[in-house]
Amino acid sequence: CLPDFSRTLEKPAGKHGFLTRGDDGHFYWSDGTRARFWGINVSSTRLNIPPEQIEQVVETFARAGLNLVRLEAIDNRNCILGKVDSRDSRHLDPVYLDRLDHWTDSLRRHGIYYYVDLLDFRTFKAGDGVLNADKLDRGARPYALYDRYLIELQKEYAMQLLKHKNPYSGLKMIDDPALAMVEMCNEHGFFLYPEKLEALVEPYRTDLRLRWNQWLRDHYGSRDKLASAWGMIGTFPALRPNEDPTQQSVDLPDLIRLSSLPANDQTEADVRRASGRLRDGVQFLSELQHAYFGEMREYLHELGLRIPITAVVSNDIIPDVASAAQECDFTAENWYGEGIDGDARTPGASYFGNRNSLRDDTAGGFAPYTAALRWNNKPVVIREWDTTWPNRNRASSVPEALAYAALQDYDAILLFGYQTNRAPNGAGSDALNAFAVQSDPTVWGLYALAGRAFMTGAIKPAIHAITLVYPQDRLYNWPSTTGDLNRAAWSVRVSSTTAGAANDPGSIVPTRTSSDLKALRAEFTRLAQRGAPILPSSISTGKWVSDTGEITRLTKEGRLEVVTPTLRMVAGELVPSQTYVLGSLRFNTPTRMGALFVFSLDGLPVERSNHLIVKMVSRAENTGQVYEAAPPGFIQPWVLRSPGGGPVLTFGRPAAQTTRVWFVTPAKGKKHVVMEHTLIKLNMVDGSWELEVKNGHATFACDTAGISGVAVGQSFTTTGGIYDGNHTSASGANANPEARRPALLP
């Protein structure tokens, strides 16, 4: 990005006091200023780099205007809790801790806040005194949520980390207002991996069983009352004859086998899927993890922690996210447009879908999936998101995330992730891999500009809202996942709650049936009748318009368009013969997949801006990257045969058809006559480029040499570098050194 946004960061971080949660469901500083974050993740061993490199990376983040960094998985192997072969995990590694101190001090000095998660990938060991430690997964999922000793070990670690005094800043973490958020556990809980409940090891299995049977005794008092409440499944009693809570012999439900069989096909084994057992089991597990969240939150407060605390579970599993939202200060989760998968039949091969996320308007799309996080009026943090390489459609990912994070008025969004050392595929740190955004011009190339647009409110939040109300009999149903009602998030604000009046306007009780679609249509019709530019036909046409009128999602065309006073965007699948109309702005290109971003940095409308950025990205691959259609029957339609290596290619090349960005304005005193004012005309297909026009001074950057064009009225030919409007250099574009932007409006 040509502009340096480091000046937008107030230094040092924390000058407004500690982060707090307001009554309106957003973050605030202790001085009353609203807090919003646009940030990134740096993970585990990627944090273990020399101090001088830490400073360089933080300076890069500052230049990009990022104001929050999540220090993720610091308890991973070979990180803060010692080497993988260490005897125990109860001592902080001095070398890694020193690196962490450098990170937090540098971030603070540069005006960037940091976010820490506590329990992530910790490997509990026999040397910790943990029974059967070698049989527990990393993070001890789900044992760490209920085993007394594992909880005490988590508290011990939290105290060591948060009360450690940083020798460079002179502050303990708990006293550092640059520490914005703490996550007690990452992707944990009983519901994210329900299969783990079927394979618990001792003594933890017996412990959970005893707790479950005690819960049943507390709720029903006797076996007879429990048997009556659970009833029958088909011709079989839901409570087996040999099960009795007073004898601790009642099994938990089976949360994995989700399908219901016809009554005449059911067997005695299916009693573990009886609706009563499922409902009670889900409620029991929800209350158990709710108690863990409450205990850990209270302990962290006792240590002196004053900032918002969360626990990350599954936002699309209703009882899971509800249990976190009831106890924590904010909700946080991930969204990934696409990842890569392995297949046991072909070890080492990676499979992917190559899908355009803009063609997905289901409940799993960015807006519906992330909007499922807003519960009980708590702030929402998307603490990991990305559409990962080698997906060819990544250029639309940043515009999509920006558009809907702004529409839903989220409080923080953090890209995953930034790699500081060698890529896992051995291709080098300059090559693309699934989480190397720093090497990806299609994502990192737009991220700073999108962050500035998010932080300045360039896209308005939704005007209207619907609330999904989950009464207890709906909350603990199983399976209980988000559904079609959440798709309203493409157009309006969506929130959920465990309390409230279901008959209030805008409040709906989800049913998990096709009637949810009927309710969604009815709600859109009601909003349209109130004057909102909502399309009740969106469900069938795939055209979703935000109630602000600023965002249009054309699902069947795979394209997103945004028109606001200070921002114009078009992203996704582009048709070379088509001119895209974005208010008074026009755009056409021979590039078939990409994103155009036109943004006013001075807050004036783009037509009158004195500081305008015009940027386009398209596609990017590694040199030597090879992928092809996968054989029939595999998990994804495409297979990556070779990841290739650096340098990254963007495929920019000369084209007969031009990429052109221009304004159309009415001529003064001439009815039906318009004037055209070209910002840039470029004879190129694919590739990446950027134009900055500030107070009439043009600066142009292009990653492809030999491209001819015209910027603000002046001709040039690129040599693959930057032309700054004042001189022509060997690395710059040949253009008139006196290039000045003409008036855009008569």
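Predicted model: local features only at pLDDT ≥ 70, side-chain atom pairs only at ≥ 80, totals over all residues.

Analyst: The axes of helix H4 (residues 204-220) and helix H5 (residues 223-230) come within 9 Å of each other and cross at roughly 90°. H4 is therefore roughly perpendicular to H5. On the H4 side the contact is made by Trp 212, Leu 216 and Tyr 220, and on the H5 side by Lys 225, Leu 226, Ala 229 and Trp 230. Of these contact residues, six are nonpolar, none is polar and one is charged.

The requested part comes next. The aromatic pairs number 32. One of them joins Trp 38 and Phe 454; the pair is tilted, with 5.3 Å from centre to centre and 40° between the planes. Because Trp 38 belongs to strand S3 (residues 37-43) and Phe 454 to helix H10 (residues 444-455), the pair ties together parts that are 416 residues apart in sequence. Trp 38 has a relative accessible area of 0% and is therefore buried. Phe 454 also counts as buried, at 1% relative accessibility.

A further pair consists of Phe 61 and Tyr 418: the ring centres are 4.9 Å apart and the planes stand at 85°, so the pair is edge-to-face. This pair links distant parts of the chain, since Phe 61 lies in helix H1 (residues 51-63) and Tyr 418 in the loop between strand S13 (412-415) and H10, 357 residues apart. Phe 61 is buried, with a relative accessible area of 0%, and Tyr 418 counts as buried at 11%.

Among the buried residues of H9 are Ser 397, Glu 400 and Tyr 404. After H9 comes Asp 409, whose phi is positive, near 60°.

Finally, an open sheet of three strands has the order S11-S27-S26, with antiparallel pairing. Strand S11 (350-352) and strand S26 (626-629) are its edge strands, each pairing on one side only. Direction ignored, neighbouring strands of this sheet are turned by 35° against each other on average. S11 and strand S27 (residues 638-642) run antiparallel and are joined by three bridges. Tyr 351 has Val 639 as its bridge partner in S27.

Key:
Residues numbered from 1 in each chain as written. Heavy atoms only, no water. Axes fitted to C-alpha atoms, helices over the stretch in contact; angles between N-to-C directions. Helix = DSSP H or I, 4+ residues; strand = E, 2+ residues; numbered from the N terminus. Parallel < 35°, antiparallel > 145°, perpendicular 65-115°, else oblique. Contact = heavy atoms within 4.5 Å. Nonpolar A, V, L, I, M, F, W, Y, C, P; charged D, E, K, R; others polar. Buried < 20%, exposed > 50% of the residue type's maximum accessible area, 1.4 Å probe, protein only. Pairing = 2+ DSSP bridges. Phe/Tyr/Trp six-rings, centres within 6.5 Å; stacked < 30°, edge-to-face > 60°.
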